[in-house]
Amino acid sequence: MRTLWNDAGGEFHPVCAPDFLPLDRLQGLQLQRLRATVKRAYENVALFRGRMEERGIRPGDIRSLDDIRSLPFTEKTDLRDTYPFGLFASPMNEIVRVHASSGTTGKPTVVAYTEEDIEVWASVMARTFACNGLHRGDILQNAYGYGLFTGGLGAHYGAEMLGMTVIPISGGQTDRQIMIMKDFGVTAISCTPSYFIHLVERAGELGIDLRDLPIRAGIFGAEPWTEGIRRHAEEQAGIKAYDIYGLSEIIGPGVASECTEQGGIHIFEDHFYPEIVDPKTGEPIPDGESGELVFTTLSKKAMPMIRYRTHDITSFITEECACGRTIRRVKRVGARSDDMFIIRGVNVFPSQIEAALLAVEGVQPHYQIILTRQKGLDQMEVQVEVTPELFSDQVRDLESVQRRISKSIEGTVGIRAAVRLVEPHTIERSMGKAKRLIDNREK
Amino acid sequence: MKIQQISVFIENRPGHLAAQIRALAEAGINIVTLSLADTEQFGILRLIVRDWEKAKGVLEAAGRVVKTTEVLAIEVEDRPGGLAELLEVIDAGGINVEYMYAFTYGFKGRAVMIFRFEDPDAAIAALQAKGIGVLDAVDLFRRAEG
């Protein structure tokens with residue numbers, strides 16, 4: 001084995017061993033786990049069994065990794081349609097945790113974990129932090145939100161497994177975050193990249209230069225970000241900024257991570273089998289070409305996922321990584337094949353905003369979502385055309401309309417939006433179809 | 001007794017007010033008086049015109065959202081204390097004023113104010129009981145337009 005560790009003072013943690021498996025061993029493991037997962041899904045989840053029966057496929061038909069292509073896809077809407085527990089493959093008395101994320105109609109999508117799943121999740125997050133050059137002795141400020149969102153607890157368990165010191169500070173309270181970062185000698189922070197940019201700006205206002213502090217790594221995920229943001233974060237804070245990738249339907253954070261080479265994200269593919277397909281046809285595309293990332297979980301017990309369509313667009317990187325890991329890399333995820341956008345770590349579909357608007361009496365679905373970044377924080381403005389039903393000769397009535405719309409949006413997606421009433425017929429309609437989203441955030 | 005006021009929604013952006021006033025001018029509609037309620041983001045233009053139905057039609061044809069509201073045109077002595085005395089009568093009647101604005105002309109020592117009340121009928125009763133003149137549309141436009 002080559003040098004497995006890029007960071008002086010680190011020692012190899014055995015949990016990271018699968019990152020370096022020889023290809024034949026890795027593929028053997030994947031096939032064995034795939035067959036067990038398909039069998040489990042078929043036997044315990046009506047939706048998977050029904051779809052396989054429609055196609056005349058039985059679990060025993062999966063004899064090679066390529067046979068995965070005969071299996072049907074799973075979509076986010078399948079989680080919604082089976083809300084809340086319809087895709088669980090374990091009885092409730094074996095499920096030790098549930099998390100939930102925003103859904104497309106206001107109902108969250110629910111995900112579940114057995115004790116074993118929690119352990120796998122901790123292991124992939126431990127491998128994530130190890131990829132980022134962290135180890136026992138590092139002090140992690142975990143500023144991902146703790147709660148229904150998978151970010152906080154997912155990172156927490158992984159950091160503990162690796163032996164790091166975790167500060168479970170969760171999100172928000174920026175001044176307190178900065179004080180603790182300084183006073184506790186924090187060496188790494190995990191949060192959304194936009195929150196970190198905000199934190200750096202606030203530290204500057206308080207006269208604190210993060211470059212003077214021990215912090216040396218930022219573990220950033222839960223929203224797409226760019227090389228521009230990376231450069232900014234690295235220069236302003238004197239850190240290395242790493243991209244991590246995950247989605248709750250697959251496990252949460254810990255599906256893939258950059259290593260210290262910062263050249264694409266390594267997928268922990270002994271647990272999450274990746275495919276890249278043509279988003280229109282669903283057919284596989286040649287390695288190296290862009291397409292939609294699709295995952296099949298290989299170890300999940302409580303909620304196995306078969307060919308889950310992420311709608312994230314990326315491509316496999318075919319060259320070996322200098323870090324020595326054998327697990328495959330894909331390019332950082334930016335574009336999506338649907339209209340979902342991510343704001344402050346929360347996935348939002350314009351259709352959710354639309355549903356929230358229509359829940360307010362008198363509102364017509366003529367709206368536009370405008371995303372901006374102010375002082376490093378994402379802001380959402382929703383412009384809504386005034387209708388005769390909404391209009392009043394009194395200012396306070398219109399302000400009350402704005403408040404009701406804002407409340408409805410916050411109740412649906414959990415994000416506060418500034419609501420601006422605009423004159424009728426002023427929202428741009430292109431080719432008969434309104435353009436719902438204008439993203440003016442820095443690329 | 002009640003006068004029809006028309007209100008129009010306007011975004012608080014350059015040119016948005018002028019465009020609506022221009023549309024009325026081109027239709028030959030004279031604005032007798034108006035008020036503009038404004039916030040940071042939007043405004044509400046309130047207009048008194050003789051032919052309010054035509055004005056409403058013109059603005060709606062231009063794609064505007066228009067609302068009509070019943071308001072009262074009330075005579076007030078054009079001297080110090082004139083308005084104060086009127087408001088005391090209104091207050092004594094327990095009547096809530098939503099907003100008010102003035103005409104730009106006087107008539108034989110009297111001004112005319114436009115009042116939007118929560119309950120215009122209660123206001124009419126309270127004012128007439130005190131002998132305060134509430135103008136009907138015919139009176140109002142005769143005075144305004146001569």
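The following paragraphs lead through a predicted model of two protein chains, from their interface to single residues.

Because the model is predicted, local features need pLDDT of at least 70 and side-chain atom pairs count only at pLDDT 80 or more, while totals for chains, interfaces and linings use all residues. Residues are numbered from 1 along each chain as its sequence is written, chains are lettered from A and ligands numbered from 1 in the order in which they are written, and side-chain values use heavy atoms, with hydrogens and water left out.

We begin where the chains meet. Chain B contributes 24 residues and chain A 21 residues to the contact, a word that here means heavy atoms within 4.5 Å. Together the two chains bury about 1,800 Å², of which 56% is on carbon and sulfur atoms; buried area is the accessible area (1.4 Å probe) that two parts lose on being put together, summed over both. On the side of chain B, the residues F9(B), Q41(B) and V65(B) lose the most area to chain A, together 34% of what that side buries.

The interface also holds three salt bridges, a salt bridge being a side-chain nitrogen of Lys or Arg within 4 Å of a carboxyl oxygen of Asp or Glu. A salt bridge links the side chains of E423(A) and R64(B), with 2.4 Å from N to O. Among the elements of chain B that touch chain A, β1(B) gives the most, with six residues; helices (H or I, at least four residues) and strands (E, at least two) are DSSP runs, numbered from the N terminus.

R127(A) pairs with D19(A), their closest N and O atoms being 2.7 Å apart. Since R127(A) lies in helix α4 (residues 115–131) of chain A and D19(A) in the segment before α1 of chain A, the pair ties together parts that are 108 residues apart in sequence. Both R127(A) and D19(A) are buried, where buried means under 20% relative accessible area, exposed over 50%, and partly exposed in between (1.4 Å probe, protein chains only).

A salt bridge also joins K76(A) and E249(A), again with 2.7 Å between the closest N and O atoms. Here the pair ties together parts that are 173 residues apart in sequence, because K76(A) lies in helix α3 of chain A and E249(A) in the loop between β7 (240–247) and β8 (252–258) of chain A. Both K76(A) and E249(A) are buried.

In another salt bridge, the side chains of E227(A) and R332(A) meet at 2.6 Å, N to O. With a relative accessible area of 38%, E227(A) is partly exposed, and salt bridges that share partners join E227(A), R230(A), D243(A), E258(A) and R332(A) into one network.

Q30(A) sits in helix α1 (residues 23–44) of chain A and counts as buried because its relative accessibility is 1%. Leaving aside residues up to four places away in sequence, Q30(A) touches L65(A), E269(A), D270(A), Y273(A) and L298(A). T318(A), by contrast, is found in the loop between β13 (316–317) and β14 (329–330) of chain A, and at 52% relative accessibility T318(A) counts as exposed. With the sequence neighbours up to four places away again left out, T318(A) touches D287(A) and G288(A).
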